[in-house]
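Me: I would like to go through some labels attached to a model and check each one against its cut-off.
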Amino acid sequence: MRLYAFRRWAPALLAIGMTAPASASLLDYVGQCVPFARAASGIQIYGNAWTWWEQADGKYERTHKPKEGAVIVFAKTPRLPFGHVAVVSRVVEKRVVMLTHANWSRQNGERGHAEQDVTLFDVSRNNDWSDVKVWYKDVDGLGGGVYPVYGFIYGHAHAAAELTSRNPDYVGALIDAYVPVSGEPIAR
């Protein structure tokens, strides 16, 4: 049973004494980024992804410094009309982190799937995480777009255990960020 299906039926299952199947995994999720980020981070904000930054004001700490378990909030743009939210799974170094999120890359021709430990690279001029590039499965590397970001929201609860893998590819994340593929530097 997929996580989104379990969440939908959880109250009824619990009422009749059933529990989640052992195979229910955060990484089996298929759906939108918002419910995924809420489940993975414990941050209880609802609505379109781009609205999370303002909604967090006064409820959660907002910052421009990544840390594990924090939710990064992407701004609304023509390419991201609802924005995007993702959860930081690992901090690799000051300008490179890994994300776990849903509904970014296509997998088997469809969007919505969860992805674990993908590279996020700060390409902002002032090293303040205001502009980023995200690893994109379809190109097997950082995508061509630069996305504006509001910042990071720190939650009060512990993030999901499946947020990161046992052996994330730190070297691969650094290569994605700093080694130019086409001879052109990736960072601005």
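Reply: Start with R62, which is partly exposed at 28% relative accessibility. The model is a predicted one.

Me: What makes the contact between R62 and E54 a salt bridge?
Reply: The N to O distance between their side chains is 3.9 Å. The rule asks for a side-chain nitrogen of Lys or Arg within 4 Å of a carboxyl oxygen of Asp or Glu, so the pair R62 and E54 qualifies. R62 also meets D57 in a salt bridge, at 3.6 Å.

Me: How do you know that E54, D57 and R62 belong to a network?
Reply: R62 has a salt bridge to E54 and a salt bridge to D57, so the three residues are linked.

Me: Why is E54 called exposed, and D57 partly exposed?
Reply: E54 has a relative accessible area of 57%, and exposed means over 50%. D57 stands at 47%, so D57 falls in the range between 20% and 50%.

Me: What makes R95 and D122 a salt bridge, and are the two residues buried or exposed?
Reply: Their closest N and O atoms are 3.6 Å apart, and the limit is 4 Å. R95 has a relative accessible area of 13% and D122 has 0%. Both values are under 20%, so both residues are buried. R95 lies in the loop between β3 and β4 and D122 in strand β5, so the pair ties together parts 27 residues apart in sequence. The count of salt bridges in the model is three.

Me: Why is helix α2 called largely enclosed?
Reply: Seven of its nine residues (33–41) are buried, so the rest of the structure largely encloses α2. The buried ones are C33, V34, F36, A37, R38, A40 and S41. Their cover includes α3, β2, β3, β4 and β5.

Me: Which residues touch the most other members of the largest nonpolar core?
Reply: That core has 28 residues, and I72, F74, L99, L120 and V132 touch the most other members. A second, separate core of 22 residues includes A37, I45, V73 and I153.

Me: How do the lining residues of the largest pocket divide?
Reply: Ten are nonpolar, eight polar and two charged. The volume of this pocket is about 470 Å³. R79, L80, N103, W104 and R111 lie nearest its centre.

Conventions
Residues numbered from 1 in each chain as written. Predicted model: local features only at pLDDT ≥ 70, side-chain atom pairs only at ≥ 80, totals over all residues. Heavy atoms only, no water. Buried < 20%, exposed > 50% of the residue type's maximum accessible area, 1.4 Å probe, protein only. Helix = DSSP H or I, 4+ residues; strand = E, 2+ residues; numbered from the N terminus. Contact = heavy atoms within 4.5 Å. Core = buried A, V, L, I, M, F, W, Y, C linked by side-chain atoms within 4.5 Å. 1 Å grid on protein atoms, 1.4 Å probe; cavity = no way out; pocket = protein on both sides within 12 Å on 5 of 7 lines; lining within 4 Å. Points joined across faces, edges and corners; volume = space filled by probe spheres on them. Nonpolar A, V, L, I, M, F, W, Y, C, P; charged D, E, K, R; others polar.
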